[in-house]
Each structure stands twice: as structure tokens, then as C-alpha cells.
Amino acid sequence: MSLAEPAALPVATSAAPRLDVLKRLGTRFRASLPAYLLLLPSLVFLALFTYGAMGRVLVDALYQRATPKAPVRFIGLDNVAAVLADPAFSGAVVNNLVYAVGTAVPSIGLALLFALALSRTNAVSSALRTALFLPVLIPMVAASALFMFIFLPNVGLLDYYIGRLLPVLPNWLGDPDIALYAIMVITIWKNAGYYMLFFLAGLQAVPEDVMEAAHLDGAGPYMRLRHIILPELKPTFLFVTVIATLNAVTQVDHVFVMTQGGPSNSTNLVLFYIYQQAVEHYDVGKASAATLLTLAALMGLTALSFRTMANREGGP
Amino acid sequence: MKLFDRLFRDAPLATRGEITPKLGFLLTVLLAIVWLIPFLWMVVATLRPASDGINAMAELMPSLKPTLDNVRDAWEIGDFPRYTLNTTIICAGILLVQFATITLAGFAFARLAFVGKTLIFYLFLMQLMLVPVLLIVPNLSLVAQLGLYDTLTGVMMPFFASAFGTFLMRQAFEAIPTELEDAALIDGASLFQRIRHIYVPLSVPSFSAFAIISVTSHWNDFLWPLMVINSPDKRPLTVGLSVFTKTAEGTQAWGTIAAGTLMVIAPLLITFLIFQKRFISSFVTSGIK
């Protein structure tokens, strides 16, 4: 049975008395009872931590928190306005956009390269795939600990091996112009191997005989990539882009461990801003307003991509 | 290393005698080496004696006099056995409750007809779109209201229901022939008996795929437990590591930090290396962490 198919409801005909319809509806509901009982445990937790949370964000965003001087007060969209007017928030949004594009494009590009190069089945390819996949499994906090030493001024791995070739040794995490790009490197390192998996799976759909025929017809690697492989991988691209965007908004552990949003807010990302407002400034109203804006943006984006995916046949 | 291979069957993209694909492969080899450098450094630095000095810390050549001092120091500074225990409790607790909730809900969606099915399905779908990580602020206040602040249960609770797991189980259950259930029905098996003795045993691969995804993501969770947990003895590995790193960073003890990081990531990495194929296929089929 298809899931999207709604349960057939009894249709009231003009001949049937109203009471009879109600009775039949009652029977349908009684017949549905076992299903409701099975769904109840899940629905309780979803109600508490998803829909309820969504509702509380909405309400909290409309109120001002009690202060020693004033009680809780309804202030309408003032929190939203305050967040929108906060240069730290707009800064975080801009940082997050740069961060999203700057991590998604290279990691997806690298993932495609890795998948194309390692699609063959042999011991070497297999070992390389493992090497590239390992960062996916380690916590962002652990990755941050390792990269903190890599970026350490003077004695760190980067300066020790490469920095010395530069005229001036940059302070990778301490320079507001560089820090955001430095933390982007960690994300690319961590995610490229994950996206590679989806491209490897997608490549299996490329028909070998078509590739063989194109090869015999003299189509070079670029032509085959452009006209055979990439069109086949379109759904994978879309899917991976959605995941990469979500990751860019939801992964902030490295900001927390390495830079705390600094120097001078240069690495502040939206989720870290929300955390700061709620936990450091105790401003739940502002934090909720920021959450609301972010959720709206993300849901719009996800809905859009779902629609695009639904319009294409056979997404991953 | 043949484990990957069974999953990705040979896909020769017709590259005989061409230079571009070979260059791409070479570049990938170089990048794979670069990708391993942080791991290599971690192991080398863990074994490096403090007497080598801070200036030799970045050296990727292993020390000729390897020592376990860093491991001992890390073990003493951070309470890693306690952190590991807490993380294990969190992951196991979440997974056990999830198994119950997703089995029941998955079965309802796969096999039962009921009023409002489409609507309820969309309610589940919404969880995937709402990105639970972003709801930390309202969920923290709820956890506090429930009196679960600073408890491991508080860390686990928001994940007890899983829309992704429900969809995965629905798919698995739909693939099971109804004849099996009909036979049990004739024998007078109750609903729960049918789920327990027919659907669950036949869906073990889906359960294990879900287990891998669930445990991996909660093993690595940081921000949420950081907000819920206050007592040092309730910290999971990730929070413990971040506090430990801050302490050791002040003393420039990078060998100790490397050792601590190694201790945190070793369990999952070793499990992965043993069950590579399973991990990879779960990650591919899920697509959602």
C-alpha cells in the first residue's frame, strides 16, 4: 500500500441519513485505533521536541523576558526587528553564506573528483576511499583539536612545513581576514569523503556500454564527463547540495572550540549567534527570533529542493 | 581492503590510454595523503617525548624514542573512562528507545490503514525539514521544565522519536510478503506477536543500518550535550575533550592533546575499520546523519 494514499473515507451520499455517516465515520476511527496507539510513542516525542519546540520558538520570539525591573511582556515583532538590526546577526548571516558556498563548492567538487578517480574496484582505490572517508567519522570537536595545532602560529604543522615559505607568517585563526577560511578548511576536510559516497553510488547508474561506445567514437574524457556522466549525476548533485547547505548551518562545534566566533566576530555563524544569545546573554526572545528566521530560510530552501527533486525522476 | 569493493562494483569509465583520468587519479592520491596528515600527526605526536621540545612538535617523522607518557598524562588529566561510559549510555539509551518507537510507527505506516494517514505522515516528514539542531533553545527550556537539566536522560530525550528511522522501517516492513503475516494471523497471533516474530526478525539489516547512523551521529554530538550537562562527571566524550583541550592548550601540552584526541576517536574508527562495508552502505542508504 502506498503511504501517501489517504485512507478512503466514506462519502456521504444524499440518500444516506446524516446519522449513518457519523456512525460509519466512528467505525473508521475505531478501526484506526491500533494505528494511533502504535504511533503514539513517536508522536509524543515529536510533539514535545519538534512541533512544540517550533511553537515555543514562535511564542518566545514575541515576548520580552522578565528582567529584575520588568515582568514578561508581549512585544510583537520587536525581537525580530532587534535581531535584524543587530550587526552581529547580519555579520553572522554574511559569514554563514560565505561559509556555506565556500565549503559546499570545494567539498562537492573534490567529492566528484574522488569518486571519478576511485570508482574502480581494486585494493588501491579501496584504501584511498577509506583514507578520504575517515574524517567523516570523527567528531567535529576532535577535528578542531587536531586543526588547532595545524594552525598554531610558528610551531604549528602548517607554519612548520609551508608557512616558512611565505614572506610573513599569518596568524591563521587570529587574523579576522583569514580565520573564517581557516575553519572552512576543516569542514571541507571532514565532508568531502562523505559526499564522495553519494557520487560513487551515483556513478553506478552510468551505463558502461554508453561510456564504451562514446570512447570508441572518440569522445575524450571531458566530453564524456560533460555529456554522459554529469547529466546522470544531476539528482546526486542536488541531494548533496541540500546536505551541504544543512551542514553549513548546523555544524558549529569548531567555531565553539577554536574561535568562539572571533576574532572580532569574523567566524561567528548563525547557530553560534543563537547559542550566544540564549546561553551567554540569557536573551531567549532574541535567540528565538534568530532561530525563527533561520528555520524559515532553511525550510524554504528545503521545500524548494524537495520540489525540484520531485520534479525529476528517481532522486537518490 | 576488499570490503568497499563488494559495494561499489567495478565501474570502468572507459579510460584506457588517456592522460586526463590518470592525472585525476594522481591528484586524488596526493589529496588522500594530505587527508591522512592530521591522523598521522596525532599518532606521531602522541608517542613523542616531551624532551623533544615544542619546536619539534610539528615534525611528522616519528621520534626514535617513543613514549607513552602523553597517553598517561591525558588519562590522568581527563576522565576519559567516565566520558566514554557517559557517551555509551547516551547512545545506547537513545538507540533502544528509538528501536521501539520506529518499529511501532514504521509498522503502522507500512501495514495499517487509518484516518489521517497522510496528515500524520507529513507531521513526521516535518521533523526532517525542521533540523532539530536548530531547536536547541526551546528544547533546553523544556528539558529544564521537565526537571531533566544536567541529566543524561535530558540529553537523550529529543532524539527518542526518529522520522528518518520510521521511514526506514516502513520501507523494510513493506518489503515483507503479507502471506507470512496472514499465516500468523490464522494461527491467532496478536498484533504485537506478529511484529515481534515476523517483522522484526526479517528487518535486521535495516535495524543495523539505522543503529550505525544513530550511534555515529550521537557519539559525535557536541552542542546539545554541552548545553544540557553541567556536572563534570556527566560529560560525554566530545564535551570532555573540548574541556580537556582547553586545559592542556594553556600548558602547550600538544602531545597530551593528541593523545586525548586519539582516545576519543579510536573506538569509532576501530569499529569502522572492522565493519567497513556495513558502515558505508548505511551511510549511502541513509543520506541523513
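Biologist: Is A:Phe256 buried or exposed?

Modeller: Buried means under 20% relative accessible area, exposed over 50%, and partly exposed in between, with a 1.4 Å probe and protein chains only. A:Phe256 has 9% relative accessibility, so A:Phe256 counts as buried.

Biologist: On what basis are such values given?

Modeller: This is a predicted model, in which local features need pLDDT of at least 70 and side-chain atom pairs count only at pLDDT 80 or more, while totals for chains, interfaces and linings use all residues. Residues are numbered from 1 along each chain as its sequence is written, chains are lettered from A and ligands numbered from 1 in the order in which they are written, and side-chain values use heavy atoms, with hydrogens and water left out.

Biologist: How many aromatic pairs does the structure hold over all chains?

Modeller: Rings of Phe, Tyr and Trp (its six-membered ring) pair if their centres lie within 6.5 Å; planes under 30 degrees apart count as stacked, over 60 as edge-to-face and the rest as tilted. Over all chains, the number of aromatic pairs is 35.

Biologist: What kind of aromatic pair do A:Phe256 and A:Tyr275 form?

Modeller: The centres of A:Phe256 and A:Tyr275 are 5.3 Å apart. With 80° between the planes, the pair is edge-to-face.

Biologist: How many residues apart in sequence are the parts that this pair ties together?

Modeller: Helices (H or I, at least four residues) and strands (E, at least two) are DSSP runs, numbered from the N terminus. A:Phe256 lies in helix α10 (residues 253-259) of chain A and A:Tyr275 in helix α11 (residues 270-280) of chain A, so the parts tied together are apart in sequence by 19 residues.

Biologist: Is A:Tyr275 buried or exposed?

Modeller: The relative accessibility of A:Tyr275 is 7%. A:Tyr275 therefore counts as buried.

Biologist: What kind of aromatic pair do B:Phe109 and B:Phe114 form?

Modeller: Both B:Phe109 and B:Phe114 are buried. Their ring centres lie 6.2 Å apart, and with 45° between the planes the pair is tilted.

Biologist: Which residues of chain B belong to the cluster that ring pairs link?

Modeller: From chain A, the cluster takes in A:Phe133, A:Tyr194, A:Tyr195, A:Phe198 and A:Phe239. From chain B, ring pairs link in B:Phe272, B:Phe279 and B:Phe283.
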